[in-house]
Amino acid sequence: MENQNKQLLSKETDIRRAKIDELKAQGINPYAEKFERTHRISEARNLEIGTQVKICGRMTSRRIMGKFLFAHIEDVEGKIQISMSFNDLGEEQYKFFKQMV
């Protein structure tokens with residue numbers, strides 16, 4: 001059982017490293033140096049739907065449904081579900097998010 005867990009972890013690590021290498025090959029820095037957050041997740045949860053915010057945290061899940069994406073982002077104060085559509089992002093950004101994230 002322990003050996004199987006190590007193999008799964010190793011495979012996941014390889015997948016993550018490949019994604020990082022792909023980002024670098026496209027000229028994208030996978031580790032942004034600075035990000036200007038406008039709201040914490042706990043604050044963003046209390047705003048009207050459709051309000052644009054910049055939040056940061058760890059993406060804990062993602063679901064792709066055709067031309068619509070859902071994701072959960074979590075920080076130390078809470079968790080929020082976000083949604084993005086092909087129409088909102090445009091073809092290039094949607095394809096990037098769908099493949100790389």
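**Exercise 1.** In this predicted model, find which residues Ser-85 touches, not counting residues up to four places away in sequence.

*Solution.* Leave out the residues up to four places away in sequence; Ser-85 then touches Lys-67, Phe-68 and Tyr-94.

**Exercise 2.** Locate Ser-85 in the secondary structure and decide whether Ser-85 is buried or exposed.

*Solution.* Start with the strand: Ser-85 belongs to β3, which covers residues 78–85. Next, take the relative accessibility of Ser-85, which is 10%. The cut-off for buried is under 20%. Ser-85 therefore counts as buried.

**Exercise 3.** Describe how β2 and β3 are joined.

*Solution.* Strand β2 spans residues 68–75 and runs antiparallel to β3, with 8 bridges between them. Two of the residue pairs can be traced by hand. Glu-74 has Lys-79 of β3 as its bridge partner, and Ala-71 has Ile-82 of β3. The link between β2 and β3 is a hairpin of 2 residues.

**Exercise 4.** Give the strand order of the sheet and name its edge strands.

*Solution.* The sheet is open, has 3 strands in the order β1-β2-β3, and its pairing is antiparallel. β1 (58–65) and β3 each pair on one side only, and these are the edge strands. From one strand to the next, the twist averages 15 degrees.

**Exercise 5.** List the residues of the largest nonpolar core, then look up the contacts of Ile-73.

*Solution.* The core has 5 residues: Ile-41, Ala-44, Ile-55, Ile-73 and Ile-80. Setting aside neighbours within four places in sequence, the contacts of Ile-73 include Ile-41, Ile-55 and Ile-80. Others among them are Cys-56, Gly-57, Arg-58 and Met-59.

Conventions:
Residues numbered from 1 in each chain as written. Predicted model: local features only at pLDDT ≥ 70, side-chain atom pairs only at ≥ 80, totals over all residues. Heavy atoms only, no water. Helix = DSSP H or I, 4+ residues; strand = E, 2+ residues; numbered from the N terminus. Buried < 20%, exposed > 50% of the residue type's maximum accessible area, 1.4 Å probe, protein only. Contact = heavy atoms within 4.5 Å. Pairing = 2+ DSSP bridges. Core = buried A, V, L, I, M, F, W, Y, C linked by side-chain atoms within 4.5 Å. Axes fitted to C-alpha atoms, helices over the stretch in contact; angles between N-to-C directions.
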